[in-house]
Amino acid sequence: MAGMAGMAECVGERGAGVPNAPVWPFEYSSTLVKTFPNNATIQWTKYYYDWAHNRSRFDFYTSYWLPYHYQEPPVFYVIYFYNSSIWFEYPLDGVCFLRTDEVPSVSPYWVADNFEFDGYVNYRGLPAEHWKWPFPQLYLQYFGQAFGDRLPMRSTNQINDLGATDYYDVIPGPQDPALFEIPPYCLENNQKVEHMDAEEKKQWASLLPTWPGWKYAEKYRVANPKRFLFK
């Protein structure tokens, strides 16, 4: 009954039984579990999100960290989103480079702006909302809690990155600014490494205007094309 009451609270002005589109907490952290199709690979990641300052961070672990382990497994790969830049760091190898300065952190409105409601489901034993991308060929889906803060539960990945990502231990609230600081050696020794060939750049150029966070970034880009913060 509590789950159904939560669903009722989510119903908005879009019609009977159709909830208002979910919006991510502007600040939160979560454990991400990415599963890949056709194999048993699982990728464990810690995600830190701070939309107020247009920054986020992914820490990729070599394995799952259980509390009874003596130490946390090493982070072998880190992605920093800061302003419109994406930095890749491989801390175990001391390698770090700027991947691009054209893509900001994802908008908390990415589901609200792009997905359609597809009904209520039971997911991981909890009442959930199912949202889907209106273009079936991309096969993007999103599941969020149908109660409380309507926190994220699962999203399928884009067509060039098959699989699904589950969100666990989602904790809304302010994040430590130190998490988003680019390591000094990255800034001191940076030489932009371009991994994209001409065809990849062409694909990025065609996709960016439809990317969920793009229209929010664009108005800031006009004011300051190199660096900007979301206040």
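**Figure 1. Val 121 stands opposite Ala 128 in the β7–β8 hairpin of this predicted model.** Val 121 faces Ala 128, a residue of β8. Strands β7 and β8 run antiparallel and are joined by six bridges; two strands count as paired if DSSP finds at least two bridges between them. Two residues lie between the strands of this hairpin, and Arg 124 in the turn has a positive phi of about 55 degrees. Strands (E, at least two residues) and helices (H or I, at least four) are DSSP runs numbered from the N terminus. The model is predicted: local features need pLDDT of at least 70 and side-chain atom pairs count only at pLDDT 80 or more, while totals for chains, interfaces and linings use all residues. Residues are numbered from 1 along each chain as its sequence is written, and side-chain values use heavy atoms, with hydrogens and water left out.

**Figure 2. Eleven strands form an open sheet.** The strand order is β6-β5-β4-β3-β2-β1-β11-β10-β9-β8-β7, with antiparallel pairing. At the edges are β6 (95-100) and β7 (116-123), each of which pairs on one side only. From one strand to the next the twist averages 20 degrees, with axes taken as lines fitted to C-alpha atoms, for helices over the stretch in contact, and angles running from 0 to 180 degrees between N-to-C directions.

**Figure 3. Glu 129 is a buried residue of strand β8.** The relative accessible area of Glu 129 is 1%; buried means under 20%, exposed over 50% and partly exposed in between, with a 1.4 Å probe and protein chains only. Strand β8 (residues 126-132) pairs with β9 (residues 141-145) in the antiparallel sense over five bridges, and the bridge partner of Glu 129 in β9 is Gly 144. The side chains of Glu 129 and Trp 131 make a polar contact of 3.0 Å. A polar contact is a pair of N or O atoms within 3.5 Å; within protein, one must be able to donate a hydrogen and the other to accept it, and residues adjacent in sequence count only if both atoms are side-chain atoms.

**Figure 4. The largest nonpolar core has 18 residues.** Such a core is a set of buried Ala, Val, Leu, Ile, Met, Phe, Trp, Tyr and Cys residues joined through side-chain atoms within 4.5 Å. Trp 24, Tyr 28, Tyr 47, Tyr 49, Trp 110, Phe 115 and Tyr 142 touch the most other members. At least two residues of this core come from each of β1 (27-35), β2 (42-50), α2 (110-114) and β11 (164-172). Another core lies apart from it and has nine residues, among them Tyr 61, Tyr 80, Cys 96 and Ile 182.

**Figure 5. Lys 46 lies in strand β2.** Its side chain makes a polar contact of 3.4 Å with the side chain of Thr 31. Not counting residues up to four places away in sequence, Lys 46 touches Ser 30, Thr 31, Arg 57, Phe 58, Asp 59 and Tyr 61, where contact means heavy atoms within 4.5 Å. The C-alpha atoms of Lys 46 and Leu 32 are separated by 5.9 Å, and these residues are 14 apart along the chain.

**Figure 6. A disulfide joins Cys 96 and Cys 186.** The sulfur atoms are 2.0 Å apart, and a disulfide is a pair of cysteine sulfur atoms within 2.5 Å. By this rule the count is one disulfide. Cys 96 in strand β6 and Cys 186 in helix α3 (residues 184-189) are 90 residues apart, and the pair links distant parts of the chain. Both cysteines are buried. The torsion about the S-S bond is about 110 degrees, so the disulfide is right-handed.
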